[in-house]
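Trainee: Could we go through this one together? I'd like to ask what each label rests on as we go.

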Amino acid sequence: MKKILISLAMVLVLAGTMAVPAMAVEEGVTASVTVSEVIDITISDAGDNGIQFGELDPDTADNPDEAQSTADDTIPAVTVAINPATNVNCNVSLKGTDFHTSIPITGASFAEGAHDVAKTYMTTSYQSVATSVAPNTDVELWLFLSIPSGAAGGAHSSTYTYQIVKTP
Amino acid sequence: MVEMKRIAPVLMAAILLLVSASLVSAQDEAKYNFASAQGNKQLKVIPGGAVEGVIYFYNIEGNRITHISLEISKAPDDWIVEIDPPQHEIQVNVSGKIVTVTENLHVEPSQAVAQEPEEVPEGMVYIKLGDLGYALAKAVHIVVQVPETVEIGTQGDILIAAEAEWLGQTGAAAIKQAREFEFFVEVTSGQTEYTETIVGEVEKTETEKPGAAQSTQPESGEGVKPEVAPPTPPPASESGPVGASLMRWLPAIIAGVVVVLAAILIPIIVRRRD
């Protein structure tokens with residue numbers, strides 16, 4: 001009788017162990033996470049004196065920034081660095097303001113990636129410079145300025161605004 | 001050997017000179033850094049309530065103070081959107097010249113640190129930037145207040161335009177940076193407790209009933225969106241709710257059979273042995 005009871009108890013324990021997982025209640029919990037969107041951009045120019053086109057004569061086209069390389073691609077006028085902290089791809093655009101009513105921004109242009117590639121002429125609205133630029137990448141720009149024949153004498157200045165946004 | 005001893009100090013001096021020269025030029029080169037971290041873009045608010053979005057600004061890659069001004073470029077008409085800190089004027093001494101700047105905030109250059117410091121300067125926070133460590137940042141709060149009358153389910157897009165500028169630029173073309181921050185605000189009931197009530201079955205039209213001819217594509221571009229998703233066959237690994245239930249209880253059924261068999265067989269075996 002004792003043997004029967006011990007054997008039955010062992011069988012019951014084994015059976016219980018098998019049955020417990022089936023009786024467990026399964027629950028699904030929704031998990032969500034939000035990662036901050038980081039955009040970290042540094043702009044630097046080649047010279048230590050800002051973007052300078054120097055003294056220019058009227059009726060001259062595509063005068064280069066004084067500090068940039070003109071014969072090779074070694075020194076861009078401006079470098080837009082998409083820093084490593086950035087965690088999205090970025091679109092880079094550029095717009096500018098008129099240097100003077102007689103020197104419109106449409107006379108200014110940029111070449112992206114090399115000094116002798118096709119130039120994009122600027123306007124007061126954003127012009128695309130580069131799209132879907134990955135983090136830890138530099139966008140290099142060579143800058144030029146044309147002076148019309150009727151340009152007013154004197155020192156004139158503009159503001160170049162670089163818009164960097166997440167690539168949609 | 002004697003020659004080498006004479007040349008060594010000269011070489012050392014030349015190397016030091018080169019290193020210090022490169023350091024000076026590195027200091028001179030202006031680095032205009034505009035860095036932001038935007039938290040949750042999806043915001044929820046109850047009718048008549050307010051919700052807050054946050055944007056952090058830091059400056060660990062630059063060597064000039066970044067002056068940032070923000071403005072609301074898009075928001076639903078009757079919603080109130082405020083930027084904290086608001087735009088204000090400050091006076092700055094730039095190389096001995098006092099300049100007035102309009103800004104919401106400015107961020108001074110700092111360096112990332114490996115561990116989050118315990119002491120944080122007033123009005124600032126440390127934000128984690130992956131492997132770079134922690135950066136000292138300033139927070140801008142975008143407070144969105146919706147009217148009491150706004151309907152639940154309404155969605156509003158808020159667009160904040162930011163512009164960063166740097167003082168003391170001497171070039172013919174000053175550099176600025178611009179960026180936009182978007183927030184999607186949804187008006188909800190605010191009810192946090194979960195409730196679910198079956199309203200009733202969706203009445204099907206004659207053409208939708210089983211057996212009726214169905215087309216998988218809308219007839220025209222103005223096709224009506226189905227309110228209920230069409231049933232999809234279960235994946236090959238699944239065998240429907242009955243099969244799944246059976247599979248789940250199979251160990252328990254086997255255990256039951258084992259117990260019954262044991263209850264019958266063990267006494268018989270034990271008696272035979274005795």
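**Labels and what backs them**

Mentor: From the N terminus on, chain B runs α-β-β-β-β-β-β-β-β-β-β-β-β-α. That comes to two helices and 12 strands, where helices (H or I, at least four residues) and strands (E, at least two) are DSSP runs numbered from the N terminus. Bear in mind that this is a predicted model: local features need pLDDT of at least 70, side-chain atom pairs count only at pLDDT 80 or more, and totals for chains, interfaces and linings use all residues. Residues are numbered from 1 along each chain as its sequence is written, with chains lettered from A and ligands numbered from 1 in the order in which they are written.

Trainee: And what pattern does chain A follow along the sequence?

Mentor: Chain A reads α-β-β-β-β-β-β-β-β-β, that is, one helix and nine strands.

Trainee: How do you know how far to trust chain B, in terms of pLDDT?

Mentor: pLDDT is the predictor's confidence in each residue, from 0 to 100. Chain B averages 79, and 73% of its residues score at least 70. Where pLDDT is low, the predicted coordinates should not be read in detail.

Trainee: What ipTM and pTM does the predictor give the complex?

Mentor: An ipTM of 0.81 and a pTM of 0.71.

Trainee: How many residues does each chain bring to the contact between A and B?

Mentor: Chain A brings 42 and chain B brings 43. On the side of chain A, the elements giving two or more residues are helix H1 (2-23), strand E1 (37-45) and strand E9 (158-166). H1(A) supplies the largest share, 12 residues.

Trainee: What is the make-up of that side of chain A, by nonpolar, polar and charged?

Mentor: There are 22 nonpolar, 15 polar and five charged residues. Ala, Val, Leu, Ile, Met, Phe, Trp, Tyr, Cys and Pro count as nonpolar, Asp, Glu, Lys and Arg as charged, and the others, Gly among them, as polar.

Trainee: What makes E1(A) and E1(B) a pair?

Mentor: Two strands pair if DSSP finds at least two bridges between them. E1(A) and strand E1 of chain B (residues 31-38) have eight, in the antiparallel sense, so they pass that test. One place to look is Glu37(A), which stands opposite Gln38(B).

Trainee: And how many bridges join E5(A) to E6(A)?

Mentor: Two, antiparallel, so the pair just makes "at least two". Here Ser109(A) faces Tyr121(A) in E6(A). E5(A) (residues 108-112) also runs antiparallel to E8(A) (residues 137-147) over five bridges, with Ala111(A) opposite Trp142(A).

Trainee: Why is E3(A) described as largely enclosed?

Mentor: A residue is buried if 20 or more other C-beta atoms lie within 10 Å of its own, exposed if 12 or fewer, and partly exposed in between. Four of the five residues of E3(A) (residues 78-82) are buried, so the strand is largely enclosed by the rest of the structure. E3(A) pairs antiparallel with E1(A) over five bridges, where Ile41(A) partners Ile82(A).

Trainee: Which residues touch the most other members of the largest nonpolar core?

Mentor: Phe57(B) and Tyr58(B), in a core of 71 residues. Strand E12 of chain B (residues 173-187) gives the most to this core, seven residues. The name "nonpolar core" means a set of buried Ala, Val, Leu, Ile, Met, Phe, Trp, Tyr and Cys residues joined through C-beta atoms within 7 Å. Beyond four places in sequence, the contacts of Phe57(B) include Ala35(B), Ile68(B), Leu105(B) and Val140(B).

Terms used. Two residues are in contact if their C-beta atoms, placed from the backbone, lie within 7 Å.
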